[in-house]
Amino acid sequence: MEETAGERANLAGVRHILLVLSGKGGVGKSTLCTELALALRHAGKRVGILDVDLCGPSIPRMLRAQDSAVHQCDSGWVPVFVGQDIALMSIGFLLERPDDAVVWRGPKKNALIKQFVTDVAWGELDFLIVDTPPGTSDEHISTVEALRPYQLLGAVLVTTPQAVSVGDVRRELTFCRKAGLQILGIVENMSGFVCPHCFECTNIFSKGGGEELAKHAGVPFLGCVPLDPQLSQSLEEGRDFIQEFPKSSAFPALTHIAQQILDTSQRSS
């Protein structure tokens, strides 16, 4: 099916598209998407998040936008805005009730992903961050194929330190290479817990698996993000962690990762 002028126009103003992937569920992809968007916004960038995790849409809750609705305009759906600088699109905005389950077969999921890519009026964005479900299946193939004609910067892979997670992310690396995706780097999330009282770091899930995987695969290691109660609290309450908790142990890690994404985008421009 040929692409229409309207489809091209909806992503024409997006300068860079960033995929956040992991073969494993529960490693913090949505957390990283949210905090990258906030960090890039504080760097003066216009950011969008496309949530294609159709069965577990977390982004609306994390940015306190879960009660918002999507509206139509001449060129498609109007994304939900958080402030003036972060645009969101998620199936979470389209469900009648927040507890509704998306019990769909692959073709229906794939059709909605294509619609999200072509029918959302994103406007002018510096970055569109795509939050994906776990795995390497239909939804991932559909997402990559739908976005391939546009300004696809590459993929960031998220793991936790333990071997079972690293093994799943190793398979995600293989997917990226087969799909022809540039791998911007690996993030190790939940990398130790820094006590807020004594500041001692305890490696609850072991440590170093993400860095070792990056070294073995020959891709950049973007950094370790520790477990942080303030980060969890901000996500639960839909607050701006980057603005409110600059002294947190997770703050320098997240801003450093965002800076590396900025540096990569500038080199690719």
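User: How far apart are the mean positions of the positive and negative charges of the protein?
Analyst: This is a predicted model, in which local features need pLDDT of at least 70, side-chain atom pairs count only at pLDDT 80 or more, and totals for chains, interfaces and linings use all residues. Residues are numbered from 1 along each chain as its sequence is written, and side-chain values use heavy atoms, with hydrogens and water left out. Lys and Arg count as positive and Asp and Glu as negative, without His and the chain ends, each charge being placed at NZ of Lys, CZ of Arg, CG of Asp or CD of Glu. For the 24 positive and 31 negative charges, the mean positions are separated by 5 Å.

User: How many disulfides does the structure hold?
Analyst: A disulfide is counted when two cysteine sulfur atoms lie within 2.5 Å. The number held by the structure is 0.

User: Which cysteine sulfur is nearest to that of cysteine 195?
Analyst: Cysteine 195 is in no disulfide. At a distance of 3.7 Å, the nearest cysteine sulfur is that of cysteine 198.

User: Is cysteine 195 buried or exposed?
Analyst: Buried means under 20% relative accessible area, exposed over 50%, and partly exposed in between (1.4 Å probe, protein chains only). The relative accessible area of cysteine 195 is 18%, so this residue is buried.

User: What percentage of the residues of the protein count as buried?
Analyst: The protein has 269 residues. The share of them that count as buried is 54%.
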